[in-house]
Amino acid sequence: MPPDVLEPAVLKPVSETLARHAEGVSNDEFRAAMSRLADGVVLVTAREPSLDPDDPGAPDGEDVGMTATAFMSVSLDPPLVLVSLRTGSRMDDLLDEQPLWAVSVLSESQRHIAGRFAMKGRISDRLLFEDIPYARGEVAGAPLVGGALATLECRTEQTVTAGDHTLVIGRVLTASVPSADGGPLMYFRGRYRQLG
């Protein structure tokens with residue numbers, strides 16, 4: 001065969017490629033490597049609607065919240081953000097039905113809020129919000145934490161399944177910077193930290 005003619009590539013079936021875990025990389029190794037990436041910490045919130053909105057005697061909906069470190073800006077025009085949710089989590093299930101949600105960018109003094117909403121086997125969300133100052137967003141109706149460095153209200157534009165997580169891309173409907181005090185709360189090497 002002449003040197004300028006390429007041999008056809010041998011393609012593996014898609015199912016075989018997707019089913020394999022990366023060779024030589026264990027979950028612990030991957031987790032350790034990614035823990036070296038410093039992330040900002042946010043509280044993602046949404047308002048779960050009433051189970052029976054037509055019944056005036058039915059209980060009101062409930063506020064739901066979760067701590068997230070996999071959150072980023074995606075686009076300026078239009079303004080889009082992305083949050084990664086564990087597939088099957090309460091927030092993943094809720095945002096599958098409720099397109100409106102909010103984000104509060106936590107400050108270094110709000111470590112207790114991050115820890116509270118990150119607990120496994122935690123108490124009800126209603127009790128978690130009980131002593132946290134917040135305002136209800138005008139568009140999403142979700143809690144916006146008082147003292148946060150920034151707050152955003154979003155509407156889901158797209159979701160993407162990615163391994164054991166769902167990537168939720170939201171259009172930013174409102175954005176404000178209510179507090180200029182303090183620095184951001186960071187997550188690095190498995191712990192909450194302050195910048196600097």
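The following legends describe close-up views of a predicted model.

The structure is a predicted model, in which local features need pLDDT of at least 70 and side-chain atom pairs count only at pLDDT 80 or more, whereas totals for chains, interfaces and linings use all residues. Residues are numbered from 1 along each chain as its sequence is written, and side-chain values use heavy atoms, with hydrogens and water left out.

**View 1. Strand 10 and its antiparallel partners, strand 5 and strand 9**. Strands (E, at least two residues) and helices (H or I, at least four residues) are DSSP runs numbered from the N terminus, and two strands pair if DSSP finds at least two bridges between them. Strand 5 (residues 80-86) is joined to strand 10 (residues 165-176) by seven bridges, and the two run antiparallel. Within this pairing, Ser-84 is placed opposite Leu-167 of strand 10. Strand 9 (residues 150-162) is likewise antiparallel to strand 10, with eleven bridges between them; here Thr-156 faces Gly-170 of strand 10. A hairpin is formed by strand 9 and strand 10, with two residues between them. In the turn, Gly-163 has a positive phi of about 60°.

**View 2. Strand 6 between strand 2 and strand 9 pairings**. Four bridges connect strand 2 (residues 42-48) with strand 6 (residues 100-105) in the antiparallel sense, and Val-44 has Val-103 of strand 6 as its bridge partner. Strand 6 also pairs with strand 9, again in the antiparallel sense, over six bridges. In that pairing, Leu-100 stands opposite Arg-155 of strand 9.

View 3. Strand 11 (residues 185-188) is paired with strand 12 in the antiparallel sense over four bridges; the bridge partner of Leu-185 in strand 12 is Gln-194.

**View 4. A salt-bridge network of Arg-47, Asp-63 and Arg-136**. A salt bridge is a side-chain nitrogen of Lys or Arg within 4 Å of a carboxyl oxygen of Asp or Glu; the whole structure contains seven. Arg-47 and Asp-63 form one of them, at 3.0 Å from N to O. This pair links distant parts of the chain, Arg-47 being in strand 2 and Asp-63 in strand 3, 16 residues apart. Asp-63 also meets Arg-136 in a salt bridge of 2.9 Å, N to O. Because Asp-63 lies in strand 3 and Arg-136 in strand 7 (residues 134-136), this second pair ties together parts that are 73 residues apart in sequence. Residues are classed as buried under 20% relative accessible area, exposed over 50%, and partly exposed in between (1.4 Å probe, protein chains only). Asp-63 is buried at 7% relative accessibility, whereas Arg-47 is partly exposed at 22% and Arg-136 is partly exposed at 39%.

**View 5. The salt bridge between Asp-131 and Arg-116**. The closest N and O atoms of this pair are 2.6 Å apart. Asp-131 lies in the loop between helix 5 (125-129) and strand 7, and Arg-116 in helix 4 (residues 111-118), so the pair ties together parts that are 15 residues apart in sequence. Asp-131 is exposed, with a relative accessible area of 57%.

**View 6. A nonpolar surface patch made by Val-25, Phe-30 and Met-34**. The patch covers about 270 Å², with accessible areas taken from the Shrake-Rupley method with a 1.4 Å probe and, for residues, only the protein chains shown counted as cover. Patch residues have over 30% relative accessible area and no salt bridge; nonpolar side chains (Val, Leu, Ile, Met, Phe, Trp, Tyr) are joined within 5 Å, and like charges within 9 Å. Met-34 belongs to helix 2 (residues 27-34) and is partly exposed, at 42% relative accessible area.
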